[in-house]
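Visitor: Hi, can you walk me through this one? I'm new to reading structures.
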Amino acid sequence: MVEPKSGLLPLIRMPFPTSEVAVNRIEPASAGMPEIARRAAEAKARLEQVSATASSPDGAVTVTVNTSGALQELTFGSRADELPRARLAQAVLAATRRAQVDAAQQLTAIMAPVIGTDSDAMHFLQEQIPSPELPEPEKAAPRWEFTAEESAAPPPPPVRPPRPRPDDDEDFGGPILRRGL
C-alpha cells in the first residue's frame, strides 16, 4: 500500500449500499412515520379550532381566546355599566386569565397523543401553562345594621334655636331726617 504524500491516512473505500440494504436500514426507524404524520395532521386541525371562553362571576364580562391565549372576542353584559372602570378592567383581566388557562389545557390534551404524556416536550409545554389564579374575594359593600330600638322610630330632627331679635336702639326706630332742627 502506498502512503499518500500529504500525510493523510488512505481512504477506506466501502461499497455503495444497494437499495435493498438502504431500505432495510431506514424502515425500522421510519416504520411509525405515517402514523406520527397522521396524528400530527389531526392535532394541527384540532389546534386551529381551539378557543376558550370565560365570564366574570357577575356576568359583566365575557372573553374568548384562541390557542395561543390571544383575545379574540370581548363582550360586556348589562352589569358592566354599573361597575367602576378599575373594577371592570380587573374583571376583564381575570376572565381572560381563566380562558387562557382553559385554552392551554386543551392544547396539552391535543398534543399528548403526538408528543407523549410523559415526554420532555410535554413537561416543557406544561411548564409554560400558568396556574389558574384563585379569584379575589369581592369586597362587599358596607352593610348597615340597626338594632330594633333604632329602626323602630327615626330620631327627631334637631331643633333649631330661634333667631335672635335685633336690639331696639333709639336711633333706628324713627325717620333718619328730623324735622324742625
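Guide: We'll go through the salt bridges, then one threonine.
Guide: This is a predicted model: local features need pLDDT of at least 70, side-chain atom pairs count only at pLDDT 80 or more, and totals for chains, interfaces and linings use all residues. Residues are numbered from 1 along each chain as its sequence is written, and side-chain values use heavy atoms, with hydrogens and water left out.

Visitor: How many salt bridges are there?
Guide: Five. A salt bridge here is a side-chain nitrogen of Lys or Arg within 4 Å of a carboxyl oxygen of Asp or Glu.

Visitor: Which residue meets Arg38 at 2.4 Å, three residues apart?
Guide: Glu35, N to O. Both lie in helix 2, residues 33–49. Helices (H or I, at least four residues) and strands (E, at least two) are DSSP runs, numbered from the N terminus.

Visitor: And Glu42?
Guide: Glu42 also forms a salt bridge with Arg38, at 2.4 Å. They sit four residues apart, about one turn of the helix.

Visitor: What about Asp58?
Guide: Asp58 pairs with Arg79, with the closest N and O atoms 3.6 Å apart. That pair links distant parts of the chain, 21 residues apart.

Visitor: New topic. Is Thr108 buried or exposed?
Guide: Thr108 counts as buried because its relative accessibility is 13%. Buried means under 20% relative accessible area, exposed over 50%, partly exposed in between (1.4 Å probe, protein chains only).

Visitor: What does Thr108 touch?
Guide: Met122, Leu125, Gln126 and Ile129, not counting residues up to four places away in sequence. Contact means heavy atoms within 4.5 Å.
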